[in-house]
Amino acid sequence: MLSCLPAKFKIVRDSNRCIKCKVCVQQCAYEVHNYDAEEDEIFSEEKSCVSCHRCVNMCPTQALTVVVYQLDYVPNANWKKLDIMRLTEQAESGGVLLTGMGNDLAYPIIWDNIVLNASQVTNPSIDPLREPMELRTYFGRKTNTVEIEMGENGIPQLKTKLGLIKLEVPIIFSAMSFGSISYNVHRALAQSAKDLGILYNTGEGGLHKDFYQYGSNTIVQCASGRFGIDEYYLQQGVAIEIKIGQGAKPGIGGHLPGEKVDERISMTRMIPTGTDAISPAPHHDIYSIEDLRQLIFSIKEVTYYKMPVGVKIAAVHNVAAISSGIARAGADFITIDGFRGGTGAAPTMIRDNVGIPIEFAIASVDDRLRQEGIRNEITLVASGGFRNSADIVKAIALGADVIAIGTPALIACGCHVCQNCYSGKCNWGIATQDPQLTKRVNPDIATRRLKNLIRAWSLEIKEFLGAMGVNAIESLRGNREHLRGIGLSRNYLDILGIKEVGR
Ligand code: SF4
Ligand code: SF4
């Protein structure tokens, strides 16, 4: 049947520049470019284009450009172009609309309505090039009291064993499973986490034995599908995260199609090759906070109480009360994922209409845990939509301890945020298991780029701290006096617990 869907993108090929080298034909897994030998011409099937820019970047003569295909529908305040196109697609497919990456609707990005302070005259600013600036952050449960004992040389020493994980910067990599992303990208995340002194997260896909060597920089995840989980797996990392939900698809399970489950993934996930890996929406043994507590302590038992056990939830209504319950259930850290958090595949309607922005979630959770006197007991990890170092500084001033980044890490590895991860045809070799595509990521180069990104953001964070006259990230945490809102309603300011600019 002839499709009524117009192309989303238009490919502009400059015939004066094109040398017909066929690189674009070879590079596109969506088979957008085709060479007609009879005509000696290259044609483009624009309807298949997802605007991933692989052909544009690889073209040796810069002959290609991809632009949005401008087909305007009759102006209609109710039926917008996107709604008509989505409805048409469903009329043709009869299926749920799928997408990748995070919510892209024009909801307010609160970070852009918050500005930071800078010291002037009193409490002078600090020059990070000349003075030491401390970004080190401790991850895990913090004790209420510490015991000191006298050392042999008469110098007091800390007697309490803190059991905290030291992070050189307050940034970690979000959970991304081997299966949703390629082996090479997973390896680059693990290697760069090790080199940077931070953590990466296995996601829900188990742990390939090649990655055991990165154990001291690994958060192992326990999700509803329980793929690849046994006692040995749980003991391979330094922290364990029970995944209840994620920002891109709160309340929804996961599905890795059987065609992506090759031999390596089948071994890692402990499922037969070619079978669908379906993560149920709930954990079938958790229907209450008491059940969650049972799982937290079962995992603690099996790992000899040696490592922090945390819980990841999506930012939703009542996130503060839910977080309080999780903290009281014995979690050592809570990861809260805002609705802009990325994913390999999500139903589009869920991604775009469920959940709340991370900005409000951080503020309300931090407030609630402070009011209950338990804020110091847990590490609050925030994720979902962080774009740059300024967002990170604002989130920490709002109350987060650590920021987890997923999409920025993938962009550093080459992702162009085309949102087509669910197709398995990622031309950048990231969200795919196709061996022809995965080899496009050189793990050593990806590692270098990830390290560059974290280094660059660390330098910028130090600049922000210096400007505020703060010499340690710990001193910024939850210090909302350094934040002011601009263009925010009274209600928003109240929820965020910040003043407006000018005050
Ligand atoms: S890669 Fe560029 S130069 Fe080569 S065929 Fe395609 S458009 Fe032409
Ligand atoms: S990972 Fe690949 S498919 Fe997914 S958004 Fe990035 S470039 Fe597109």
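Strands β20 (residues 379-383) and β21 (residues 402-405) run parallel and are joined by 3 bridges; strands here are DSSP runs of E with at least two residues, helices are runs of H or I with at least four, and both are numbered from the N terminus. Two strands count as paired if DSSP finds at least two bridges between them. Within this pair, V381 has V402 of β21 as its bridge partner. The model is predicted, so local features need pLDDT of at least 70 and side-chain atom pairs count only at pLDDT 80 or more, whereas totals for chains, interfaces and linings use all residues. Residues are numbered from 1 along each chain as its sequence is written, and chains are lettered from A and ligands numbered from 1 in the order in which they are written.

Both strands belong to an open sheet of 8 strands with parallel pairing, in the order β11-β21-β20-β18-β17-β14-β13-β12. At its edges stand β11 (171-173) and β12 (200-201); each has a single partner strand, so one side of each is left without a neighbour in the sheet. Helix α8 (residues 319-328) lies across β17 (309-314) and β18 (333-337) and runs at about 155° to β18. Such angles run from 0 to 180 degrees between N-to-C directions, and axes are lines fitted to C-alpha atoms, for helices over the stretch in contact.

A further open sheet has 3 strands in the order β6-β22-β23, with mixed pairing. Its edges are β6 (114-116) and β23 (499-500), each with a single partner strand, so one side of each is left without a neighbour in the sheet. Over 3 bridges, β6 pairs with β22 (residues 483-485) in the antiparallel sense, and I114 has G485 of β22 as its bridge partner.

Two packed helices are described by the angle between their axes and the distance between the axes. The axes of α4 (residues 183-196) and α14 (residues 443-468) come within 8 Å and cross at roughly 45°. The two helices are therefore oblique to each other, the class left over when angles under 35 degrees count as roughly parallel, over 145 as roughly antiparallel and 65 to 115 as roughly perpendicular. Among the residues that meet are R187, L189 and D195 in α4 and P443, L450 and K451 in α14, contact requiring C-beta atoms, placed from the backbone, within 7 Å. By class, this contact has 8 nonpolar, 4 polar and 3 charged residues. Ala, Val, Leu, Ile, Met, Phe, Trp, Tyr, Cys and Pro count as nonpolar, Asp, Glu, Lys and Arg as charged, and the others, Gly among them, as polar.

Conventions
Contact = placed C-beta atoms within 7 Å.
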